[in-house]
Amino acid sequence: MGQADTASVIPLTGQGAPHDPDPLAAVERYWQGLRATPHAPTGDVRLDPRGFSGALSDSFIADAISASEIGICIAGQRLEALAGTTLRGLPLSVLFLPEARPTLVRAVRRTLAGTPARLGLIASQGPFRPGLRAGLVLLPLGNGPCRRVLGALCAAQPPSRRACRFRIDMEKGPPGPAQPLLRLVQGGMAGT
């Protein structure tokens, strides 16, 4: 590797950048900025990871495998921790339960056609543990139909020690802040 090659290497660790409190929004802001430039992204987009460095560990880049499936080229560390494996070369669908895949296929098709998608997700964590809530954003890297996608998948809290497989909780967007499991109700039983 020559000196010119090493000068263009940008570390993907996000060192020096704190984890963004809303990684999905950070990636979406970066993508919106790309689209607002005079030379909006076409087929071959050069991404600068410094533009969303606080969300790198939740982000991924994927290429179209077919009209309804994308394969992950690069994935962040938190995303791989959720998957419990290295994701490079695997289809995005490995992160989803079989019953969620038809909805995922529709979202991927829409994204590859040029429209961004945002999904709310939930994964079972086993007995006595609340479901792990997460969000997914898929952003086309091109004007109109494209072959490459910038995405992020972020969980509301750290996963359990086993790999997560998600179902789609809602198609319009990820959940807001976690709701308490128990609620204190004032009052009591009358007449006791």
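Biologist: How many helices and strands are in the protein chain?
Modeller: The protein chain has four helices and six strands. Helices (H or I, at least four residues) and strands (E, at least two) are DSSP runs, numbered from the N terminus. Before going on: this is a predicted model, where local features need pLDDT of at least 70, side-chain atom pairs count only at pLDDT 80 or more, and totals for chains, interfaces and linings use all residues. Residues are numbered from 1 along each chain as its sequence is written, and side-chain values use heavy atoms, with hydrogens and water left out.

Biologist: In what order do the elements run from the N terminus?
Modeller: The order is α-α-β-β-α-α-β-β-β-β.

Biologist: And what share of the 192 residues is buried?
Modeller: Buried residues are 39% of the 192. Buried means under 20% relative accessible area, exposed over 50%, and partly exposed in between, with a 1.4 Å probe and protein chains only.

Biologist: Moving to the strands, which ones pair with β5?
Modeller: Strand β1 (residues 59-66) pairs with β5 in the antiparallel sense over five bridges. Strand β4 (residues 132-140) is also antiparallel to β5, joined by seven bridges. Two strands pair if DSSP finds at least two bridges between them.

Biologist: How covered is β5 itself?
Modeller: Mostly: β5 spans residues 148-155, and seven of its eight residues are buried.

Biologist: Which residues are the bridge partners of Asp63?
Modeller: In β5 the partner of Asp63 is Arg148, and in β2 the partner is Gly71. Strand β2 (residues 69-75) runs antiparallel to β1, with six bridges joining them. β1 and β2 form a hairpin with two residues between them.

Biologist: Switching to helix α2. Why does its length agree with a helix of 14 residues?
Modeller: Helix α2 (residues 23-36) should span 20 Å at 1.5 Å a residue, and its end C-alpha atoms are 20 Å apart, so the two agree. The expected span is 1.5 Å times one less than the number of residues.

Biologist: What do the buried residues of α2 pack against?
Modeller: They pack against β1, β3 (117-123), β4 and β5. The buried residues of α2 include Leu24, Val27, Tyr30, Trp31 and Leu34.

Biologist: How many aromatic pairs are there?
Modeller: The count is two. Rings of Phe, Tyr and Trp (its six-membered ring) pair if their centres lie within 6.5 Å; planes under 30 degrees apart count as stacked, over 60 as edge-to-face and the rest as tilted. Tyr30 and Phe52 form a tilted pair, 4.8 Å centre to centre with 50° between the planes. Tyr30 lies in helix α2 and Phe52 in the loop between α2 and β1, so the pair ties together parts that are 22 residues apart in sequence. Phe96 and Phe166 form a tilted pair too, at 6.4 Å centre to centre and 55° between the planes.

Biologist: Where do Phe96 and Phe166 sit?
Modeller: Phe96 is in the loop between α3 and α4, and Phe166 is in the loop between β5 and β6 (167-170), 70 residues apart. Both Phe96 and Phe166 are buried.

Biologist: One more. Is Ala123 buried or exposed?
Modeller: Ala123 is buried, with a relative accessible area of 1%. Ala123 lies in strand β3. Apart from neighbours within four places in sequence, Ala123 is in contact (heavy atoms within 4.5 Å) with Gly131, Leu132, Cys164, Arg165 and Phe166.
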